[in-house]
Amino acid sequence: MNANDVRTKTADELNQELLNLKKEQFNLRFQGATQQLENTARIRQVRRDVARVKTILREKSVAGE
């Protein structure tokens, strides 16, 4: 996921994407705790995607004010 793709989405779509990423992040942490995680780099990708979506949501809310 890159920033240009995220910027084309609406605020509702971004909130849904954020929810999905948070669920995935939880599941990845759970898999890591139980030694079932295969791709450890995915945790970092998801964490950065969450930050990216939050940043774009913040930009959209500031631009809307």
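View 1. V62 counts as partly exposed because its relative accessibility is 44% (buried means under 20% relative accessible area, exposed over 50%, and partly exposed in between, with a 1.4 Å probe and protein chains only). V62 belongs to helix α3, which covers residues 41-64 (helices are DSSP runs of H or I with at least four residues, strands are runs of E with at least two, and both are numbered from the N terminus). F30 is 32 residues away from V62 along the chain, and the C-alpha atoms of the two are separated by 35 Å. This is a predicted model, in which local features need pLDDT of at least 70 and side-chain atom pairs count only at pLDDT 80 or more, while totals for chains, interfaces and linings use all residues. Residues are numbered from 1 along each chain as its sequence is written, and side-chain values use heavy atoms, with hydrogens and water left out.

View 2. I56 lies in helix α3. With a relative accessibility of 3%, I56 counts as buried. Not counting residues up to four places away in sequence, I56 touches V6, R7 and L14 (contact means heavy atoms within 4.5 Å). N27 stands 29 residues from I56 along the chain, with 24 Å between their C-alpha atoms.

View 3. D49 is another residue found in helix α3. D49 counts as buried because its relative accessibility is 8%. The side chains of D49 and R52 are joined by a polar contact of 2.6 Å (a pair of N or O atoms within 3.5 Å; within protein, one must be able to donate a hydrogen and the other to accept it, and residues adjacent in sequence count only if both atoms are side-chain atoms). When neighbours within four places in sequence are left aside, M1, L21 and R42 are in contact with D49.

View 4. I43 lies in helix α3 and is partly exposed, with a relative accessible area of 25%. Leaving aside neighbours within four places in sequence, L28 and L37 are in contact with I43. The C-alpha atoms of I43 and R29 are separated by 7.6 Å, and the two residues are 14 apart along the chain.

**View 5. Q25 in helix α2, facing residues of another part of the chain.** Q25 is found in helix α2, which covers residues 11-33. The relative accessible area of Q25 is 16%, so this residue is buried. Apart from residues up to four places away in sequence, Q25 touches V46, R47 and V50.

**View 6. Q35 in the loop between α2 and α3.** Q35 lies in the loop that runs between α2 and α3. Phi of Q35 is near 60°, a positive value in a residue other than glycine. Q35 is exposed, with a relative accessible area of 69%.

**View 7. The whole chain, for context.** The protein has three helices and zero strands, and from the N terminus on its elements run α-α-α. Along its principal axes the C-alpha trace spans about 45 × 15 × 15 Å. The radius of gyration of the protein is 13 Å, whereas a compact globule of 65 residues would have one near 11 Å (taken over C-alpha atoms, with the globule rule 2.2 Å times the number of residues to the power 0.38). Of the 65 residues, 20% are buried. Among contacts between residues at least 6 apart in sequence, 67% join residues at least 24 apart.

**View 8. Surface and charge of the whole chain.** The accessible surface comes to about 4900 Å², and 48% of it belongs to carbon and sulfur atoms (Shrake-Rupley method with a 1.4 Å probe; for residues, only the protein chains shown count as cover). There are 13 positive and 9 negative side chains, and the centres of the two sets lie 7 Å apart (Lys and Arg count as positive and Asp and Glu as negative, with His and the chain ends not counted; the place of a charge is NZ of Lys, CZ of Arg, CG of Asp or CD of Glu).
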